[in-house]
Amino acid sequence: MRSKVVTIDRHIIDQERNHPGASGRFSALLYDIALAAKIISREVNMAGLIDVLGRTGERNVHGEQVQKLDAFAQEVIVKAMDHAGHLCCMVSEECDEIIAIPERFELGNYVLLFDPLDGSSNINVNVSIGTIFSIHQRVTPAGTPGTTSDCLQPGSRQLAAGYVIYGSSTMLVYTTGVEGGVHGFTLDPSIGEFLLSNPHIRIPDPPARVYSVNEAYYSRWSEPQRRLTDHFRSGRDEGGGHDPEGYKSRYIGSLVSDAHRTLLQGGLFMYPAETRAPAGKLRVLYEAAPLALVFEAAGGRASDGRRDITSIVPTGLHDRTPLFLGSASLVNVAESYLQS
Ligand code: AHG
Ligand code: MN
Ligand code: MN
C-alpha cells in the first residue's frame with residue numbers, strides 16, 4: 001500500500017495553501033478537466049468494443065480526417081467545461097473559431113485551450129494517445145464574452161497547463177509554472193480517482209541519450225536540421241569530437257506519448273519545419289505552449305529552434321511552430337546547430 005493516498009483534489013487544495021496565488025484560482029477548473037479525462041479514458045479503453053473507432057468522414061480546419069474519438073473527446077470537454085462559470089471562451093484544435101460560452105451560463109475569467117485528442121492517427125492501432133490543455137487569464141473586461149485577444153497570449157502567461165496520456169495507465173500531468181512544480185497523477189479506475197503518483201517531476205539532465213523525430217522527412221529538412229540529426233545518429237560533433245556511446249531513436253507519433261517519455265527519461269523530441277510544413281506541424285496554443293510550460297517547470301526547455309516557445313505571441317488560433325522539447329542541454333545543442 002502506498003505511504004499516503006493523495007487525490008488530485010486533495011493535491012490542488014494543498015497547493016492552494018502553499019502557493020496562495022497559484023493553483024487555487026482554478027482548482028475547480030482542474031477538477032473539471034480531471035472529470036473530462038476520466039470520461040474520455042473510459043471511452044478510449046473500451047474503443048475496441050463500442051463504435052468509437054474510425055472516422056466521422058469530416059475534415060477539421062487543418063484538413064485532417066476527424067476520428068470519432070476526436071469528436072467524442074471534443075464534446076466531452078466542452079460539455080464538462082462550459083457551464084461552471086469559470087471560462088469566458090475556449091479554443092479547440094477541432095474548431096476553426098473560438099468556442100463561445102452559451103448565453104444561459106455565467107461567464108468566467110479564464111480561457112481553456114485544448115487538443116481534445118492528440119495522436120489521432122494511432123487510435124485504431126491501440127497506441128497511446130492524449131489530451132493537451134492550457135489555461136490563460138482573460139485580458140478583456142469581466143462579464144463579456146471572450147475574444148481571440150484573450151486567446152492569443154504567449155505561453156509564458158499561462159496560469160496552468162498539462163496533458164492526459166491514455167496509455168497502459170491513464171495519467172494526468174500538470175503544472176502551474178516553475179514555482180508550483182510538475183505533478184503526475186495516475187487514474188485508479190476502480191475508485192475513479194486520479195492519485196498522486198509522480199510528485200515534483202524533474203526532467204533528467206544529463207538525459208537519457210534518446211532523440212525523437214520522424215526521420216522519414218530527412219530529405220525535406222533544412223541543412224542545419226540534417227546535420228543536427230546526423231550528430232545524433234553518429235555521435236560525431238562538428239568539432240571533430242566523437243561520442244562512442246551515441247544515441248537511441250524513439251518515435252511514437254503521438255506528441256503526448258513522445259513528450260511524456262522525454263519528460264520522465266530526458267532526451268530530445270523534435271518536430272522540425274520541413275518543405276511541406278514550413279512553420280512546422282504542431283500548433284502553438286494547444287500543443288507546443290502547454291508542453292513548454294510543463295517542461296520549463298520540470299527544468300527542461302522548449303524552443304522553436306531560435307527562441308523559447310513560451311515567448312511566441314501567436315497571431316492566429318491555429319498557428320504552427322517547429323518544436324524542440326526536452327532536456328535543456330539537448331535543446332541547447334539543437335539551437336546551436338540550427339543557428340549556425
Ligand atoms: P493530432 O492527432 O492532435 O492531430 O496530433 C498529431 C501530431 C502529434 O501527435 C504527433 O507528434 C504528430 O502529429 C505526428 O506527425 P507525423 O505523423 O507527421 O510524424
Ligand atoms: Mn495534437
Ligand atoms: Mn488532436
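Mentor: We'll take the metal sites, then the ligand, then a few backbone details.

Trainee: Ground rules before we start?

Mentor: This is a predicted model, where local features need pLDDT of at least 70, side-chain atom pairs count only at pLDDT 80 or more, and totals for chains, interfaces and linings use all residues. Residues are numbered from 1 along each chain as its sequence is written, chains are lettered from A and ligands numbered from 1 in the order in which they are written, and side-chain values use heavy atoms, with hydrogens and water left out.

Trainee: OK. Which residues coordinate the manganese ion (ligand 2)?

Mentor: Asp-115 (OD), Asp-118 (OD) and Glu-287 (OE), at 1.9 to 2.1 Å. Donors here are N, O and S atoms within 2.8 Å of the metal (3.2 Å for Na, K and Ca); water is not among the atoms, so sites may look incomplete.

Trainee: How are those donor residues spaced in sequence?

Mentor: The pattern is D-x2-D-x168-E. Asp-115 sits in strand 5 and Glu-287 in helix 7 (residues 284-297), and that pair links parts of the chain 172 residues apart. On the terms: helices (H or I, at least four residues) and strands (E, at least two) are DSSP runs, numbered from the N terminus.

Trainee: Are Asp-115 and Glu-287 buried or exposed?

Mentor: Asp-115 counts as buried, at 0% relative accessibility. Glu-287 is buried too, at 1%. Buried means under 20% relative accessible area, exposed over 50%, partly exposed in between (1.4 Å probe, protein chains only).

Trainee: And what coordinates the manganese ion (ligand 3)?

Mentor: Glu-93 (OE), Asp-115 (OD) and Leu-117 (O), at 2.2 Å. Along the chain the spacing reads E-x21-D-x1-L. Glu-93 is in the loop between strand 3 (87-92) and strand 4 (99-100), while Leu-117 is in strand 5 (residues 110-118), so this pair ties together parts 24 residues apart in sequence. Glu-93 and Leu-117 are both buried.

Trainee: Which residue bridges the two ions, and how far apart are they?

Mentor: Asp-115 is the bridge, and the manganese ion (ligand 2) and the manganese ion (ligand 3) lie 3.7 Å apart.

Trainee: Now ligand 1. Which residues come nearest?

Mentor: Asp-118, Ser-120, Tyr-217, Tyr-251 and Tyr-271, out of 18 residues around ligand 1. A residue is near a molecule or strand if one of its heavy atoms lies within 4 Å of it. Strand 5 gives the most to that shell, with three residues.

Trainee: What do the oxygen atoms of ligand 1 touch?

Mentor: Among the contacts, an oxygen atom of ligand 1 is 3.0 Å from an N or O atom in the Asp-115 side chain. For a polar backbone atom of Gly-119, the distance to a ligand 1 oxygen is 2.8 Å. The side chain of Arg-283 has an N or O atom 3.3 Å from an oxygen of ligand 1.

Trainee: How much of ligand 1 does the protein bury?

Mentor: The protein buries 88% of the 470 Å² that ligand 1 exposes when taken alone. Accessible areas come from the Shrake-Rupley method with a 1.4 Å probe; for residues, only the protein chains shown count as cover.

Trainee: Switching topic. Where is Asp-32?

Mentor: Asp-32 is in helix 2 (residues 27-45). The residue is buried, with a relative accessible area of 17%. Its C-alpha is 6.5 Å from that of Met-81, although Asp-32 and Met-81 are 49 residues apart along the chain.

Trainee: Which peptide bond is cis?

Mentor: The one from Asp-205 to Pro-206, with omega near 15 degrees. Pro-206 belongs to the loop between strand 10 (193-198) and strand 11 (210-212).

Trainee: What is phi for His-200?

Mentor: Near 50 degrees, a positive value in a residue other than glycine. His-200 lies in the loop between strand 10 and strand 11. At 56% relative accessibility, His-200 counts as exposed.

Trainee: And Asn-126, what about phi there?

Mentor: Asn-126 has a positive phi of about 60 degrees, and is not a glycine. Its place is the loop between strand 5 and strand 6 (129-137). Asn-126 is exposed, with a relative accessible area of 75%.

Conventions. Polar contact = N/O pair within 3.5 Å; in protein donor to acceptor, adjacent residues only side chain to side chain.
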